[in-house]
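Subject: Handover of a structure and findings

Dear colleague,

Please find the structure below, followed by an account of what was found in it. I would be grateful if you could read the two side by side.

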Amino acid sequence: MLTSLADLEARYRRASPNSRALFEQGRSYTAGAAKGAYYYPPYPLTMARGQGCYLWDVDGRRYVDCANHHTAQVLGHGNELVEAAVREQMQKGIALGAPIGIESEIARAMCDRVDALERIRFVNSGTEATLHAIRLARGYTQRGKIAKFEGGYHGSHDAVEVSVAPPLDQAGPADAPIAVPTAGGMSPSAASEAIILPYSDPEAVERLVAEHASELACVLFDPKAGVLDIQPDFARAVRDITRRHGILLIFDEIVGFRTSVGGLQEVYGIDPDLSCFGKIIGGGFPVGAFGGRADLMDLFDNSQQATGFFQSGTFSAHPVAMAAGLATLNELTPQTIAHLNALGTRLKDQLNALFADRAIAAQAVCTGSVFSIYFARGPIANYRALAATDKTLIQPLFLSLIEQGYFLGPGLGMCALSAPMDPGHIDGLVAAVGNALAEIA
Ligand SMILES: Cc1ncc(COP(=O)(O)O)c(C=O)c1O
């Protein structure tokens, strides 16, 4: 007899009383959770500590961390060099109200790695990075609208919280999606200023961009690394279309940057006008960055004359985040990235072989070392395909993997591997998925 979701939840509750108590204690002060992404049913595990590729919860259970703080912890937890850099910076000073020199070092390291990056600015989150990149694009082009892809996520400011996961009955035709606001309280202009493009359909992108070219400041492209199966040809088509129509291309590297020394844009062979970064480049501290063409970014340079453009923030380019980020980049050598990507390929191949073996309509999508698991057969190349996947077994699989000591992202989307992992961890995860399926499918 198959194990039900209710049985798995009951087992989860029995195994995590301390997490439950802490959740109950905190929920009235935090409106349910300290942040939206920290909640999943029936209540989230509270973690006590992390080391290497492992996490320990407050009930003393150990997990292989396959989420890695929303993909940010590419080196896992407690990396010695990152911790040493953080300690050293903290001894010198945490926030000194002046540049400390390390900002230029990490700026140079980023520009050395990414061909299309001539200048860069640091902020506190990916959200802030896309906000400033869009503002720059609007100011430079003197046009008000932006285009983004249906299902693409670029953070939580109004301009980009449009058609992130729209209900299909509101989303319009697949090749001409309607702009749907994501959250209550957004400015009505967010949707009216957004043109929504479908992933993996270059003809529709060409048509929509051509139709709106005179009012578009930019096309924002989130490649949905490890979430959608986006082909390099499609990325190159988007670059070609935007260039032909004179529209700035803003490429979101916030998740995909870990795929290669030069980011996912290097893998795709594209040169965006602006790129946005976050997650791994802060070594686990809050960070974001945006940059690209010098003629665009130099509009922020008010040192010679007032340009009318400005970007700043109290904690932008925070010393500790810069130190941790630089140490992380130094550790993220071509060899480390090759190791991570090989683990990703091993996981994808083994999971897909397992699903085929068991004749289960499921698949793993993987870009480098970021992966998702879906219950569906066809390619997951756009938002509509993702929305059509069967969600019934996602939560049972998630809970069963927790029980077996593997902590994935809730929903099993945008999970991530870390450098301390070895093939044994991958084989263990695949075996755990196999055990789970035997129980639930
Ligand atoms: C592709 C992408 N862009 C932007 C963001 C926003 O970054 P942050 O959460 O640091 O604001 C995220 C966050 O998950 C993301 O996945």
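In which loop does serine 369 lie? Serine 369 is placed in the loop between β11 (363-367) and β12 (370-374); strands here are DSSP runs of E with at least two residues, helices are DSSP runs of H or I with at least four residues, and both are numbered from the N terminus.

The model is predicted, so local features need pLDDT of at least 70 and side-chain atom pairs count only at pLDDT 80 or more, while totals for chains, interfaces and linings use all residues. Residues are numbered from 1 along each chain as its sequence is written, and side-chain values use heavy atoms, with hydrogens and water left out.

Serine 369 and its partner

Serine 369 has a relative accessible area of 1% and is therefore buried (buried means under 20% relative accessible area, exposed over 50%, and partly exposed in between, with a 1.4 Å probe and protein chains only). Its side chain is joined to that of arginine 258 by a polar contact of 2.7 Å. A polar contact is a pair of N or O atoms within 3.5 Å; within protein, one must be able to donate a hydrogen and the other to accept it, and residues adjacent in sequence count only if both atoms are side-chain atoms.

Cysteines

How many disulfides does a search of the whole structure find? The search returns 0 disulfides, a disulfide being a pair of cysteine sulfur atoms within 2.5 Å. For cysteine 53, the closest cysteine sulfur is that of cysteine 66, and the 8.1 Å between the two sulfurs is too far for a bond. Cysteine 415 also has cysteine 66 as the residue with the closest cysteine sulfur, at 7.2 Å, which is too far for a bond. Cysteine 53 is buried at 2% relative accessibility, and cysteine 415 is buried at 0%.

Backbone features

Most residues other than glycine have a negative phi, and most peptide bonds are trans.

- Proline 41 and proline 42 are joined by a cis peptide bond, with omega about 0°; proline 42 belongs to the loop between α2 and β1 (47-51).
- Histidine 69, which is not a glycine, has a positive phi of about 45°. Histidine 69 sits in the loop between β3 (62-65) and α3 (80-92) and is partly exposed, at 40% relative accessibility.
- Methionine 414 has a positive phi near 50°. Methionine 414 is in the loop between β13 (406-407) and β14 (415-416) and counts as partly exposed at 28% relative accessibility.

Glutamine 395 is part of helix α14 and is buried, with a relative accessible area of 17%.

Helices

The 14 residues of helix α2 (residues 17-30) should span 20 Å at 1.5 Å a residue, and the end C-alpha atoms agree, being 20 Å apart; the expected span is 1.5 Å times one less than the number of residues. Helix α15 (residues 423-440) has 18 residues and reaches 26 Å between its first and last C-alpha, close to the expected 26 Å. Aspartate 422 caps the N-terminal end of α15, with a side-chain oxygen 2.8 Å from the backbone nitrogen of glycine 424. Among the buried residues of α15 are His425, Leu429, Val433 and Ile440.

How do the helices pack? Two packed helices are described by the angle between their axes and the distance between the axes. The axes of helix α14 (residues 394-403) and α15 come within 9 Å and cross at roughly 125° (axes are lines fitted to C-alpha atoms, for helices over the stretch in contact, and angles run from 0 to 180 degrees between N-to-C directions). α14 and α15 are therefore oblique to each other; angles under 35 degrees count as roughly parallel, over 145 as roughly antiparallel, 65 to 115 as roughly perpendicular and the rest as oblique. The axes of helix α7 (residues 202-212) and helix α8 (residues 232-244) come within 10 Å and cross at roughly 20°, so α7 and α8 are roughly parallel.

Yours sincerely
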